[in-house]
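Good morning. I will take one structure today and go through its contacts, its sheet, its core and its pocket. Please have a look at it first.

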Amino acid sequence: LKRHRKNTTLYILMNEGEENADLTAKFKDARVPQIWDPENGSRRTAPVFTSGQHETVLPLTLTPHQLKVVVFRDDSPAVANTPHLTESPLEVTAVEASGAGALIARVVSGQTGKFALKGTYQNQIFKADVSLPSLPAPLRLDADWQLSFADQPEKNHSAQLGSWTDLRANYSGTATYTRTLEIAAESLASNHRWILDLGTVHDVACIEINGQKSAAILWPPYQQDLTKNLKSGSNTIRIHVTNTLANQHGEPKPSGLLGPVVLSPVQAVAVELQNGDK
């Protein structure tokens, strides 16, 4: 959807599918693009884009059911005065100019290898090759769960991941999956982030790590960045899952944490791009 209000043009994009949508979006607007995310209220200048005389090309990834707003405003700085990348095979979260005549790009990646980045600022070209080392292996967390239902909190079931209708076909409400996880201190390196992916969930999930709860996750991907809540040694993970009222009304539907549950590391690094003419 396209909306125009005074000196602002908004493009509202939504992925209605069940898979990630990787887009190269072209807009007939040569102003600096901003990305607004209504899920968390954030607004930021797009870190990667190319701009021509009459259009802007912007790479975007929309997860299932995700909505983002691309915004062009008259009060934004000129494109030439906006540090940004024009090419990057990695996810870029921010780009800023450095006082040393360079660009600093903050990238996030679960990949390893060598990658080329290119950017521009004040009509100069900046380049960098970044090498990302190997990461710790992802951790599969499909076993060793204990399951308890909200109306019977004192009763624990040893559970593999799967629908709880095998235990209680007509239960509607919340159930909690609990297990512990050992994390080595070296795995919590400063440039590592750990992302928990719950796989398939029916229907709403809340992730609790060492007593810290996330907001409810209503649809895929059921993911949460756990970096700030993990500690070296033993960690307690609780996944609170709530299904619909269909089961209670005699229509048993798959319910609970079906997985697979995977805790995966990604790297978050700052890359310095130097003037390409040097």
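The side chains of R193 and D225 form a salt bridge, with N and O 2.9 Å apart. By salt bridge I mean a side-chain nitrogen of Lys or Arg within 4 Å of a carboxyl oxygen of Asp or Glu. This pair links distant parts of the chain, 32 residues apart: R193 is in strand β18 (residues 192–197) and D225 in strand β22 (residues 223–225). Strands here are DSSP runs of E with at least two residues, numbered from the N terminus.

Before I go on, this is a predicted model, in which local features need pLDDT of at least 70 and side-chain atom pairs count only at pLDDT 80 or more, while totals for chains, interfaces and linings use all residues. Residues are numbered from 1 along each chain as its sequence is written, and side-chain values use heavy atoms, with hydrogens and water left out.

The terms are set by relative accessible area: buried is under 20%, exposed is over 50%, and partly exposed is in between, with a 1.4 Å probe and protein chains only.

The whole structure has eight salt bridges. Another one of them joins R238 and E208, whose closest N and O atoms are 3.8 Å apart. R238 belongs to strand β23 and E208 to strand β20, so this pair ties together parts 30 residues apart in sequence. R238 is partly exposed at 32%, whereas E208 is buried at 10%.

Six strands make an open sheet with antiparallel pairing, in the order β16-β15-β17-β23-β20-β21. The strands β16 (152–159) and β21 (212–213) are at the edges with a single partner strand each, so one side of each has no neighbour in the sheet. Two strands count as paired if DSSP finds at least two bridges between them. Strand β20 (residues 204–209) and strand β23 (residues 233–242) pair in the antiparallel sense over six bridges. Opposite I237 in β23 stands I209.

Next, the core. Which residues have the most contacts inside the largest nonpolar core? They are L196, L198, I239, L257 and L263, in a core of 29 residues. Such a core is a set of buried Ala, Val, Leu, Ile, Met, Phe, Trp, Tyr and Cys residues joined through side-chain atoms within 4.5 Å. At least two residues of this core come from each of β15 (145–149), β17 (174–183), β18, β20 and β23. Strand β17 supplies the largest share, four residues.

Last, the largest pocket, which has a volume of about 2000 Å³. A pocket is an open set of points on a 1 Å grid where a 1.4 Å probe fits, with protein on both sides within 12 Å along at least five of seven lines, and lining residues have an atom within 4 Å of a point. The volume is the space filled by probe spheres set on the points. Its lining has 46 residues, and T63, Q66, K68, E91 and Q223 lie nearest the centre. Strand β7 (residues 56–62) gives the most to this lining, with four residues.
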